[in-house]
Amino acid sequence: MAVALVLVFEGLLPAINPSSWRRLFEQMLQLPDHQIRAFGLASMVAGLVILWVL
């Protein structure tokens, strides 16, 4: 069920506004590795906090 929800949320932006999604990824390609890594770690921590609260 959790994987299904992730897929739904991941698919929202490309389904609603594909051009914004494409620009977002073009901008992300310009970021240095440490910023992408920090964003990924922050997302993981946020997910763990949400799981802990539920």
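Me: Which residues in α1 meet which residues in α2, and what makes this a contact?

Reply: This is a predicted model, in which local features need pLDDT of at least 70 and side-chain atom pairs count only at pLDDT 80 or more, while totals for chains, interfaces and linings use all residues. Residues are numbered from 1 along each chain as its sequence is written, and side-chain values use heavy atoms, with hydrogens and water left out. On the α1 side L13, P14 and I16 meet P18, W21 and L24 of α2, where contact means heavy atoms within 4.5 Å. These contact residues divide into 6 nonpolar, no polar and no charged (Ala, Val, Leu, Ile, Met, Phe, Trp, Tyr, Cys and Pro count as nonpolar, Asp, Glu, Lys and Arg as charged, and the others, Gly among them, as polar).

Me: Why are α1 and α2 called roughly perpendicular?

Reply: Helix α1 (residues 2-16) and helix α2 (residues 18-29) pack at an angle of about 115 degrees, with their axes 5 Å apart. Angles under 35 degrees count as roughly parallel, over 145 as roughly antiparallel, 65 to 115 as roughly perpendicular and the rest as oblique, and the two helices are therefore roughly perpendicular to each other.

Me: How do you know that the protein is more spread out than a compact globule?

Reply: The protein has 3 helices and 0 strands (DSSP runs, H or I of at least four residues for helices and E of at least two for strands). Its radius of gyration, taken over C-alpha atoms, is 13 Å, well over the 10 Å that the globule rule gives for 54 residues, so the protein is more spread out than a compact globule. That rule is 2.2 Å times the number of residues to the power 0.38.

Technical notes. Axes fitted to C-alpha atoms, helices over the stretch in contact; angles between N-to-C directions.
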